[in-house]
Amino acid sequence: MWSSLGLNLEAHEGLLNFLGGAYKDIYLSQKNRPKGMEYFDFVISEVHGLRIKELMDAKEEGRKIIGTFCVYVPEELILAVNGISVGLCAGAEVGTQEAEKYLPRNTCALIKGFVGFKLASLCPYVEATDLIVGETTCDGKKKAYEIFDEITGGKLYVMEIPNRKGDEGRKLWRSEIERFKEKLEEFTGIKITEENLSKSVKIVNEKRKALQRLATLRATKPTPISGLDALLINQISFYDDPVRFTDMLNKLCDELDERVKNGNGVFSKDTPRILVSGSPMAIPNWKLPFIIETSGAVIVGEEACVGERNFRNLTEENMGVKETLDNIASRYMGIDCACFTPNDERMTNISDMVDKYKADGVIHYSLQFCTPFTVESYKVKKTMDKKEVPFMALETDYSMEDFGQFKTRVEAFVEMIK
Ligand code: SF4
Ligand code: SF4
C-alpha cells in the first residue's frame with residue numbers, strides 16, 4: 001500500500017519509529033490515564049496503518065478524500081457529498097531543508113512542515129487525497145499553496161477568507177460557501193440536497209458536542225483528564241471517522257463523569273491550572289503541553305484551532321439547503337482567528353475560558369514567524385493584565401533546541417502562580 005502511494009519507504013519507516021518512541025515517552029508514561037484513552041492510543045498507532053487502509057478502501061468505492069488545513073473549511077459540505085475530510089498534519093520538522101529550497105527560512109514551521117512532508121514523500125494522507133482545500137487566511141499559507149499546488153500535481157482548491165467581519169466580508173464568505181458547494185458537487189457528481197446536508201450537519205454537530213462535553217469535564221477540580229490526552233483527542237478529531245470518533249469520545253466522557261463524581265483526578269486538586277492560547281498544534285507537536293504537564297501544572301483548555309476554536313459553535317439543524325448554507329456561513333464566520341482585523345471577540349473568548357475552566361494562568365503560544373498570532377499576543381497580555389491573570393508568551397517552532405530553555409521558563413511561571 002505504501003509504495004502504491006509513492007511514499008519514501010525507508011524514511012517513512014524512520015518517521016514511524018521516531019513517532020512510536022516519542023509517543024511512548026510522552027503519552028504512555030502518564031499516570032492514571034482513563035481507560036477510554038485506549039481507543040485513541042490505538043488510533044494513533046494506526047495513524048499510518050488501518051486509517052489509511054480505510055481511506056484507500058473508501059476510494060475504491062468511489063468516495064473522495066478531501067484534505068484541509070484550517071477549521072474554516074466546512075466539513076459539513078464535504079460529508080454531504082459523501083466525501084471524507086482529513087486534516088493534513090504538519091506538526092513535525094520534516095523535510096525542512098528541502099522546504100527551504102521553495103520557501104524563505106523565515107516561514108512558520110507549520111507551512112514548512114506541510115511542504116516538507118510532501119517533498120520528503122512521507123505523508124500518506126496528502127498522497128491519498130483527491131482534492132486539498134486551502135484558504136487565504138494568512139499570507140504565508142496563501143502563497144505557499146501556489147507552490148503546494150505545483151508539487152501535488154494540481155490538487156489545490158483555495159477558499160477566499162475575508163480579513164474583516166463586516167457586511168462585505170460576510171457577503172464574500174457566503175459566496176465562497178456557495179462556490180465550494182458547487183465545486184464539491186462537480187467534483188463528486190453528487191448534488192447537495194436537504195437530506196444529505198441535514199444528515200452531515202447533524203454528524204458534525206454531534207462531534208462538536210462531544211468535544212464540548214470533554215472540554216466542560218475539564219473545568220472540574222481536579223480535572224479528570226490530562227491536557228496532553230485532551231489535545232490528542234482534539235488532534236484525532238480531524239482525521240478519524242466522525243461517527244465512530246463521537247461514539248468513542250462519548251464513552252470516554254461517561255468514564256470521566258464517573259471520575260468527576262468520585263473526585264478522581266489525574267493531578268491533585270491544587271495543581272496550577274493553565275489555559276494555552278494561540279496557534280494550532282498539529283500532530284505530533286506535543287512539546288509545549290509535555291513541558292507544562294511535567295513542570296507541575298495541568299492544561300485545562302486550549303484556546304486554539306486544535307481545541308475550542310474548532311468546536312465552540314454549532315450549526316442550526318433541520319433547515320432547507322439555502323438556510324443551512326446561510327447558517328454554515330454564519331457559524332464559520334464566528335471563528336476568532338488572528339487573521340481577522342479587528343479580532344476583539346477572541347479577547348472576550350479567552351477571558352470567558354479563563355473563568356469557565358478556572359485557569360490560574362495563560363500561556364500564549366505562537367509559532368515563530370506567525371505574524372497574526374505573535375502580534376495578537378500583545379492584546380491577549382493586555383486583556384489578562386486587566387483581569388489580573390498571570391500571563392506568559394512563548395514563541396517556538398517544531399525543533400527541540402529550545403526545550404531546556406522553555407522548561408526553565410515554564411517552571412518559573414508555574415512556581416510564580418503557586
Ligand atoms: S489559526 Fe486561523 S488559519 Fe489557522 S487553522 Fe485556525 S482559523 Fe485556520
Ligand atoms: S501558524 Fe500563523 S503563519 Fe503559520 S500558517 Fe498559521 S496563521 Fe499562518
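**View 1. The shell around ligand 1 has 7 nonpolar, 1 polar and 2 charged residues.** Here Ala, Val, Leu, Ile, Met, Phe, Trp, Tyr, Cys and Pro count as nonpolar, Asp, Glu, Lys and Arg as charged, and the others, Gly among them, as polar. Phe69, Cys70, Val71, Thr137, Lys141, Pro280, Cys305, Arg309, Cys337 and Phe373 make up this shell. A residue belongs to it if one of its heavy atoms lies within 4 Å of the ligand. This is a predicted model: local features need pLDDT of at least 70, side-chain atom pairs count only at pLDDT 80 or more, and totals for chains, interfaces and linings use all residues. Residues are numbered from 1 along each chain as its sequence is written, chains are lettered from A and ligands numbered from 1 in the order in which they are written, and side-chain values use heavy atoms, with hydrogens and water left out.

**View 2. Helix H6 (residues 109-119) packs with helix H8 (residues 139-151).** Helices (H or I, at least four residues) are DSSP runs, numbered from the N terminus. The angle is about 5°, and the axes are 10 Å apart. Axes are lines fitted to C-alpha atoms over the stretch in contact, and angles run from 0 to 180 degrees between N-to-C directions. H6 and H8 are therefore roughly parallel; angles under 35 degrees count as such, over 145 as roughly antiparallel, 65 to 115 as roughly perpendicular and the rest as oblique. From H6 come Leu110, Ile111, Phe114, Val115, Lys118 and Leu119. They meet Gly140, Lys141, Ala144, Tyr145, Phe148 and Ile151 in H8. Contact means heavy atoms within 4.5 Å. The H6 and H8 contact has 9 nonpolar, 1 polar and 2 charged residues.

**View 3. Phe114 is one of the residues that touch the most other members of the largest nonpolar core.** Phe40, Ile233 and Leu249 are the others named with Phe114 in this core of 136 residues. Such a core is a set of buried Ala, Val, Leu, Ile, Met, Phe, Trp, Tyr and Cys residues joined through side-chain atoms within 4.5 Å. Buried means under 20% relative accessible area (1.4 Å probe, protein chains only), exposed over 50%, and partly exposed in between. Phe114 touches Phe69, Ala90, Lys141, Ala144, Tyr145 and Phe148, not counting residues up to four places away in sequence.

**View 4. Helix H1 (residues 9-28) crosses helix H11 (residues 227-236) at roughly 130°.** Their axes come within 10 Å. The two helices, H1 and H11, are therefore oblique to each other. Tyr23, Ile26 and Tyr27 in H1 meet Leu228, Asp229 and Leu232 in H11. That contact of H1 with H11 holds 5 nonpolar residues, no polar ones and 1 charged. H11 is mostly covered, with 10 of its 10 residues buried.

**View 5. Thr223 sits in the loop between H10 and H11.** At 2% relative accessibility, Thr223 counts as buried. Thr223 touches Arg218, Gly265, Val266, Phe267, Arg273, Val298 and Val300, leaving out residues up to four places away in sequence. Thr223 and Val298 are 75 residues apart in sequence, yet 8.4 Å apart in space, C-alpha to C-alpha.

**View 6. Leu55 lies in helix H3 (residues 50-60).** Its relative accessibility is 0%, so Leu55 counts as buried. Beyond neighbours within four places in sequence, Leu55 is in contact with Ile65, Ile84, Val86 and Tyr125.
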